[in-house]
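Trainee: I would like to learn how to read a structure. Please take me through some features.

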Amino acid sequence: MKTIKIGRSKTNDCVFPNDTVSGTHAVLTIDASGERGTLKDLNSTNGTFVNNKRISVETPVTAKDTIRFGSETTSLRGIIAKSGETKIKPSLPGVDRRTIGKNPGCNIRLTQDDVSREHAVIYKTETGSIVIEDRGSTNGTYVNGIKITSKELHPGDKVTITRNYPLDWESIYKPPVPPKPTFKWQRLVAILAGCIVIAGAVFLGIKHFGDKDLKPEEIYAMYKKSVVLIYNQYTFKATVGDYDLSDVVSALPDNYYIDEKGELQAGVAGATGTGFFVSSDGRIATNKHVVSLMGNEEAIANYIKTALSRILIQAYGNQARPVINVLQVRYVQSLSIAMNDAHLGSEKDLLPCTLLKVSDNNNLDVAVIQLNTKETPSSVTNLVNLDNLADDKHLSMGKNLYTIGFPKGLEWALTQQGVQATNESGSVNQSVNEFLYGHNINVTHGASGSPVFDTKGRFAGIIVSGAEFQSVSPSGEIQQIPAQHNQAIKPQPAANFIKNVY
C-alpha cells in the first residue's frame, strides 16, 4: 500500500497548482497494482469528487473512475504519474535563507491580506546563485511580471510578492561594504582630545555623575537615544500533525489569542512597551510582561487547544476525534524595536530582536532582549550604566525621580520629527517590598520597561506600570491579574538580573 498526499501546497506528494485546490486537499491510498485504492477528502474548500459525486467519507476508486479536486479533473493513473513528476525535493539549505510571508515567524514579514502565511522563500545555492521559490501561495510570486514556482534570479530581475509588493532582493544579498582604512594619527587626535576634555572637567570641578544635581532636560538629552519603543507581536499557532489547522479544517484559522475579556479571538495580538540599551552588543532591558505572558504561555496554549477541541466536536461530532488527537497549539512571538527619532513608514522600519531571558520570579518583572544584529546603533552615545546606581538616600520618601519612555505607545510617540520618547518626573512615595518601591510619576501601559533616574542621572530602577497579565485559574478559565500602577523595580535587583544574563 502507498499513500499519496494531494493538494496545492508543495509539501504534498501530488501538487496541483490550481486555485480551486486546497493547500492540503485529499489523500489517496493505493494498492501494489496501482489499479485500485481509497480516496479521502481532507475538509477541502471546493470538494473532492468521484464520477462527479462529492465524497465526504473514504471512498474506493479504480483506474476507470474520473476524479476531480475542485475544478481539477484527473484519474487514479494521473495522480500516480503526477506524484512522480511534481514531488518537490527539499530545497538546498543554502546560505542566508529567508522566508517571506504573513506568519510572525517569517524573516521578511508582509502583513497584507493577499499575502499567504508562508508565501515564498529566497536563498543562495551551494554554487552562489540566488533562487526564489513560491510556497504554494494563493496570489503567486512574480519575476519580471511572470508567475513562477521556482526561479534563479539575475541582477536587474524585478520580484513581486503577489503582483503588488516589490521585493528588493538585491539589497538582501548585497555584499558588505569593507570598512574604510583608519590612520593612527586620527586615533592619536581622538585620544588627545579625550584627555583635554577630562583634564578640563577635573580642573573646573565638573563631574557628570558627581554631587551636582542635573536638570530633567539634561537627563533626557543624555539618555533619549538609549530608550527604545518595543513592539511585541504574538499568537498561538494551531497545527494538525505537519499541517496548519486551516489546511485540515478550512473553516478554522491557524492563529489565535485571548483578548482582554478572556475570549478566544482569531489573529495576532500586539502590545508596546519601553526598553533601554545596557550594552554595546544590542542588549535591551525591559519588563518581563512587555515581552512575555509572564510564564503563562503553555497554560494559555492548553486553554486554546481545549477551546478549539470543543469547537471541532460541536461542528463535526466524533469525526473530529482524529484531528483533536494530533491537534497542537504553540506560542509564536515576533519582537522588534523602534529607535527614538526613527521615521516609521511600515513594519520594515522596525529592528527585529530576540528574547534572551525573563526573570523566573514574577515579583522581579525584568527581561532582556537583544537586537538580531547584536550591535547597538551608533546613535546611542550613553548606555544606561548598571554599575552607577541610585543609593537608598536618593530613593527615600519624597526624593525626585525622572523617567524616559513611551506612554500610550505609538499613539503618543509618532510625531512629525519621528518617534519621540516622553520625559516624566515625580517622586518616591512608598516603600513596597525588597523588589519594588512606589512613586507618583504619571505613567500608562506603554511606559512599562522605562528606565528611572535619580537627580544625579544614576540608574534608579524600571517602571512596571500596567503589569496586568493573563493566567489560567485552577478551574481552567482565563483570569486577568490586576495591574501594578505607579511602582518601579529597585535598581539593585534589576541590575543584578540584567548583568547575569551576559
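Mentor: Strands are DSSP runs of E, at least two residues, and are numbered from the N terminus, as helices (H or I, at least four) are. Two strands pair if DSSP finds at least two bridges between them. Here 3 bridges join strand 17 (residues 159-161) to strand 18, and the two run antiparallel.

Mentor: This is a predicted model, where local features need pLDDT of at least 70, side-chain atom pairs count only at pLDDT 80 or more, and totals for chains, interfaces and linings use all residues. Residues are numbered from 1 along each chain as its sequence is written, and side-chain values use heavy atoms, without hydrogens and water.

Trainee: What is the order of the strands in the open sheet?

Mentor: The order is 15-14-17-18, with antiparallel pairing. Strand 15 (146-148) and strand 18 (165-167) stand at the edges with a single partner strand each, so one side of each has no neighbour in the sheet.

Trainee: How is a pair of aromatic rings described?

Mentor: By the distance of the centres and the angle of the planes. Rings of Phe, Tyr and Trp (its six-membered ring) pair if their centres lie within 6.5 Å; planes under 30 degrees apart are stacked, over 60 edge-to-face, the rest tilted. The whole structure has 5 aromatic pairs. In one of them, the centres of F16 and F69 are 5.9 Å apart and the planes at 35 degrees, so the pair is tilted.

Trainee: Is F69 buried or exposed?

Mentor: F69 is buried, at 0% relative accessible area. Buried means under 20%, exposed over 50%, partly exposed in between (1.4 Å probe, protein chains only).
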